[in-house]
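Hi everyone, thanks for coming. I'd like to walk you through a pair of helices and a residue I picked out, so let's get the picture up.

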Amino acid sequence: MFDAQIPRSALLLGLAGLLPFFWAVVTMFVPAAYALTYEWLGGRFVAPFVGLQYGTIILSFMSGVLWGFATRAEGSVAATGYALSTLPALWAFFMVGGGPVSAAIALIAGFVGLLGLDWLFWNQGLAPRWWMALRLLLTAGVVACLLPVAL
């Protein structure tokens with residue numbers, strides 16, 4: 001089903017995109033990493049803030065990716081695709097806020113929902129054959145990194 005090989009550049013850049021989420025977890029559990037990062041870069045780059053802020057940006061970014069897929073369609077499929085592509089950004093705007101726990105839960109739900117939209121665009125032939133293999137891997141990484149904040 002997801003047998004197409006992910007292009008190396010897409011895989012490497014996608015995995016690199018997990019680094020801020022991973023760093024949020026590291027600074028949650030390693031006090032020295034938290035202190036050093038806080039001292040050098042400030043509070044925006046330590047847990048939970050770096051993971052939540054970056055997650056909000058990436059969820060919104062993915063709306064643009066889906067919009068791009070919708071441009072490959074025509075008629076009502078394109079119109080539906082354009083409308084659906086706005087959902088991740090709107091979710092991030094309206095649902096991510098409050099405290100870190102509720103923000104993490106909202107982001108987890110947003111990324112899981114995004115996976116459903118990824119599948120829809122992929123299933124319609126609008127995304128590359130390898131898309132779902134990449135998205136499953138990256139979504140699992142994002143959710144795994146956001147779970148410690150949510151719990």
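So, is V101 buried, partly exposed or exposed? Keep in mind that what you see is a predicted model. V101 is partly exposed, because its relative accessible area is 41%, and buried would need under 20%. You'll find V101 in helix α7. Skipping neighbours within four places in sequence, V101 is in contact with V149 and A150. Now look along to L114: V101 and L114 are 13 residues apart in sequence, and their C-alphas are 20 Å apart in space.

Okay, next up is the partner helix. Helix α4 runs over residues 49-70 and helix α7 over residues 100-123. Their axes come within 10 Å and cross at roughly 20 degrees. That angle is under 35 degrees, so α4 and α7 are roughly parallel to each other. The crossing of α4 past α7 is left-handed. Who makes the contact? On the α4 side, the residues include L52, I58, L59 and M62, and on the α7 side they include A103, L107, F111 and L114. Sorted by class, that contact has 15 nonpolar, 4 polar and 1 charged residues.

Last bit, α4 by itself. This helix has 22 residues and reaches 32 Å from its first C-alpha to its last, close to the 32 Å expected at 1.5 Å a residue. Among the buried residues of α4 are V50, S63, V65 and F69. And what do the buried residues of α4 pack against? They pack against α2, α5, α6, α7 and α8.

Technical notes: Residues numbered from 1 in each chain as written. Predicted model: local features only at pLDDT ≥ 70, side-chain atom pairs only at ≥ 80, totals over all residues. Heavy atoms only, no water. Axes fitted to C-alpha atoms, helices over the stretch in contact; angles between N-to-C directions. Helix = DSSP H or I, 4+ residues; strand = E, 2+ residues; numbered from the N terminus. Parallel < 35°, antiparallel > 145°, perpendicular 65-115°, else oblique. Left-handed = near helix turned anticlockwise from the far one by under 90°. Contact = heavy atoms within 4.5 Å. Nonpolar A, V, L, I, M, F, W, Y, C, P; charged D, E, K, R; others polar. Buried < 20%, exposed > 50% of the residue type's maximum accessible area, 1.4 Å probe, protein only. Expected span 1.5 Å × (residues − 1).
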